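This report describes one protein chain for a reader who is new to structures. Please look at the sequence and the model before reading on.

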Amino acid sequence: ISANVTDYYYNNIANVTANVTWDSTSEIVILSYNGTSGLYEGSFTNTSDLGQYDVTIIATDYGGNVNNTETTYFNVVDNTFPLYSADSDDSGGSVVAGTIVNVSVLWQDNVALDTAVFRTNESGIWANISTCAFSGTLSWCNKTIDTTGYAGSRICWNQYANDTSNNWNTTMPETHCFDISVLNTAPAAKT
């Protein structure tokens with residue numbers, strides 16, 4: 001936090017502080033004069049809560065005169081998208097047509113997860129198939145792929161997810177794939 005503070009009389013400023021308030025909390029920051037910049041400066045690092053932080057600069061001179069009419073604010077926002085891990089399916093790389101393949105992805109966010117989008121190319125083009133609604137900061141998105149009718153195909157899948165600040169993670173590669181084979185059955189013997 002920095003402030004340009006002047007007084008009618010040279011070298012008459014006794015102290016300068018910043019009163020930072022947010023979510024019914026406040027903190028006083030002592031600002032010290034920086035001869036290089038010519039400003040009164042201090043550090044405020046207590047920004048773990050999202051939202052607006054209001055700042056009131058309070059300057060007092062040696063005569064006891066106080067100016068506390070200068071105000072400003074800044075916003076702390078969430079710019080971090082969710083992260084995924086443990087992204088897997090139980091296909092082992094290939095399955096017989098008609099097998100239900102289970103897909104799992106663990107999503108995590110620093111504030112709060114919102115939604116995951118499950119995508120596949122089973123129709124021949126990439127498409128959003130379904131979603132998972134989240135609450136909290138850590139959650140699984142578990143989906144299934146029915147391979148009935150897809151013999152001889154290769155199906156790939158991935159997921160996207162966002163958080164409650166609408167930061168999207170679309171970085172999961174489209175390389176989670178498995179092949180689908182025809183079930184080889186022996187012909188029935190005639191009697």
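## Disulfides, cores and a sheet

A disulfide (a pair of cysteine sulfur atoms within 2.5 Å) joins C132 to C141, with an S to S distance of 2.2 Å. The model is a predicted one, in which local features need pLDDT of at least 70 and side-chain atom pairs count only at pLDDT 80 or more, while totals for chains, interfaces and linings use all residues. Residues are numbered from 1 along each chain as its sequence is written, and side-chain values use heavy atoms, with hydrogens and water left out.

The structure holds two disulfides. The table lists both.

| Disulfide | S to S | Angle about the S-S bond | Hand |
|---|---|---|---|
| C132 to C141 | 2.2 Å | 75° | right-handed |
| C156 to C177 | 1.9 Å | 105° | right-handed |

C156 lies in strand 13 and C177 in strand 15, 21 residues apart, and this pair links distant parts of the chain. Strands here are DSSP runs of E with at least two residues, numbered from the N terminus. With bonded cysteines counted along the chain, the disulfides follow the pattern 1-2, 3-4. C132 and C141 are both buried, where buried means under 20% relative accessible area with a 1.4 Å probe, protein chains only. C156 and C177 are buried too.

C141 also belongs to the largest nonpolar core, which has 18 residues. A nonpolar core is a set of buried Ala, Val, Leu, Ile, Met, Phe, Trp, Tyr and Cys residues joined through side-chain atoms within 4.5 Å. The residues with the most contacts inside this core are W107, A116, F134, C141, I145, W157 and F178. At least two core residues come from each of strand 9 (100–108), strand 10 (113–120), strand 12 (138–146), strand 13 (154–163) and strand 15 (176–181). Strand 9 gives the most, with four residues. Another core, of 16 residues, lies apart from this one, and V5, Y40, I57 and V76 are among its members. In soluble globular proteins, nonpolar side chains tend to be buried together.

What does F178 touch, not counting residues up to four places away in sequence? Its contacts (heavy atoms within 4.5 Å) include V95, V101, I145, I155 and W157. D89, S91 and R154 are also among the residues that F178 touches.

The chain also has an open sheet of six strands in the order 1-4-3-2-5-6, with antiparallel pairing. Its edge strands, strand 1 (2–3) and strand 6 (66–76), each pair on one side only. Two strands pair if DSSP finds at least two bridges between them. Strand 1 is joined by two bridges to strand 4 (residues 39–41), and the two run antiparallel. Opposite S2 stands E41 in strand 4.

Conventions
Buried < 20%, exposed > 50% of the residue type's maximum accessible area, 1.4 Å probe, protein only.
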